[in-house]
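Here are a few friendly notes to read alongside the model. Please keep the structure open as you go through the points.

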Amino acid sequence: VGEVTSPALIHFAELLGLAVFAISGALAAGRKQLDWLGMVVIATVTAIGGGTVRDLLLDRHPVAWIAHPDYLWVALAAAFFTLAYVRFRQPPSRALLIADALGLALFTLSGAQIAEQAGAHGIIVVVMGTITGVVGGVLRDVLTGEIPLILRDQDIYATAAIAGAALYLLLQRLGLDRDMAALAGMSIVAALRLAAIFWHLKMPVFSYQDKQR
Amino acid sequence: VGEVTSPALIHFAELLGLAVFAISGALAAGRKQLDWLGMVVIATVTAIGGGTVRDLLLDRHPVAWIAHPDYLWVALAAAFFTLAYVRFRQPPSRALLIADALGLALFTLSGAQIAEQAGAHGIIVVVMGTITGVVGGVLRDVLTGEIPLILRDQDIYATAAIAGAALYLLLQRLGLDRDMAALAGMSIVAALRLAAIFWHLKMPVFSYQDKQR
Amino acid sequence: VGEVTSPALIHFAELLGLAVFAISGALAAGRKQLDWLGMVVIATVTAIGGGTVRDLLLDRHPVAWIAHPDYLWVALAAAFFTLAYVRFRQPPSRALLIADALGLALFTLSGAQIAEQAGAHGIIVVVMGTITGVVGGVLRDVLTGEIPLILRDQDIYATAAIAGAALYLLLQRLGLDRDMAALAGMSIVAALRLAAIFWHLKMPVFSYQDKQR
């Protein structure tokens, strides 16, 4: 109850996603000159935030990291690794963005599958996948006083998550088996995100003239 | 279980409230030059945020928009309508403020009734009504990097919600029937809010000299 | 179910902690020139935020202040007391910081005990104690548009909470009885925090050169 039985490979992939998001949180904290504990907090919240909000909304208890405290240890280890690494070397930003794209892909599809298992409607499955993928980064940005990146950067981020989760549902309805559909969904998330990074694919900005201001 | 059986008219009114709050979120996003997906996210969060926090606090599952995915479709439709509208015309700010006042009135009283049905104490009923009415706007402001409007604008906003929910409880204790009390509560929320808009009724500012700074 | 049976003295101590945190929220609101209702909202959220997030994460329902509405009355009374007080006198900042340290100590250990009773793992007990102690202040800072104090001030704050909750667990494993261990945990939280205030004990800042910016 409250747990997802996933093959060892998927579990490993999830822990990898956690580590990558924790590192991105730690680096964001470093830019804000936080103390090292603040850095650890931001790293952990970035890594577990999306899954936590998903579990609260779906009433899945115990929440993932309460059921599996090793999630916290992975996030902590990644944060301390970052702390040590940046003393000696410049963080490789491209490598991180690529890893982050993989983390987004893994989290989005695992979130979608969890919502699907809970019997949610199609649109809810897409929303839960997206929440799992992006909320950690939103909390990271709110806590460090930034407008959330996914709202402002015009780099395909939440869009990639939405597209991947929607494709996952579509392919299943077309008769593809669940694992293949998930793999296809993950690929499209990662591919869209990498295209945004390398070819500067952007979303159009929405704005308007507001004479009343 | 977890659902409120409300007459068709009330359900329609709730959907109207959702649409109005989604539009206000979309317009706030436009002021921040977000991309159109960010705009859709802010619009949706503004529309469903209050009810979601209420449901989590009261342990009502499934959460309203998970049980009724049409809530999400209404919010999305309102966001895209706004996106299209502002390409051609200036948004009518007065019309929006009036609609927003009606949305606040509807959400506050529906939230209060839901808490009442869950057997909550009087003060909790008032707090849940107010949370349902105002939290969507608070999340909209936090996500777009603003100090929440209800905390700073001195326009009677949360005050109107609190007054309406309190009147609803009071009238029932005086013997009025539930529907009439709810109607009276909604009227006072809308009336106070409209008075704030048209006659610039304001709340006193709380501040003090802080020599230590 | 959902309630903690605590001796009258502990309950009194919790209410004292609520009052102190409500006052710190009210004073933060005053610095931002919020209206008096905004001030009351910030004061209340600061006082009950930590316990609320803990209860949602642990699936403890009804949430503390829904089960015990007197928690809200205490927070409201403390907020209005502050409103009245600062009209006549400068708030004594040292006295407040000392009281806040005691509040942090009380909330951290009560949160840790609640997680322990719910059968959580050791690291989860420490995390829940820390969340109970610090989340109210984090919400206060996010709502007033600040980067949360615990992330940036380098004053031992969350560190004190973590140390106290960890000591509580350690001493129990060494055979100390539960109440004595809790008392020792509270003492170390308060002592570390007071040392930070009076001797300007600080945490090292984590930052790095980011040539990509």
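1. Chain C brings 32 residues and chain A brings 36, where contact means heavy atoms within 4.5 Å. A word on the ground rules: this is a predicted model, in which local features need pLDDT of at least 70 and side-chain atom pairs count only at pLDDT 80 or more, while totals for chains, interfaces and linings use all residues. Residues are numbered from 1 along each chain as its sequence is written, chains are lettered from A and ligands numbered from 1 in the order written, and side-chain values use heavy atoms, with hydrogens and water left out.

2. About 2,900 Å² is buried between chain C and chain A, and carbon and sulfur atoms give 70% of that (buried area is the accessible area, with a 1.4 Å probe, that two parts lose on being put together, summed over both). The count of salt bridges between chain C and chain A is zero (a side-chain nitrogen of Lys or Arg within 4 Å of a carboxyl oxygen of Asp or Glu).

3. Which elements of chain C supply the side that touches chain A? Helix 2 (36-58), helix 6 (122-143), helix 7 (149-152) and helix 8 (158-173) of chain C each supply at least two residues; helices here are DSSP runs of H or I with at least four residues, numbered from the N terminus. Helix 6 of chain C gives the most, with seven residues. By type, this side of chain C divides into 21 nonpolar, six polar and five charged residues, with Ala, Val, Leu, Ile, Met, Phe, Trp, Tyr, Cys and Pro as nonpolar, Asp, Glu, Lys and Arg as charged, and the others, Gly among them, as polar.

4. The copies use different surfaces, as 9% of the contact residues of chain B recur in chain C.

5. Finally, the aromatic rings: a search of the whole structure finds six pairs over all chains (rings of Phe, Tyr and Trp, the last by its six-membered ring, with centres within 6.5 Å; planes under 30 degrees apart are stacked, over 60 edge-to-face and the rest tilted). Phe21(B) and Phe107(B) have ring centres 5.2 Å apart and planes at 50°, so the pair is tilted.
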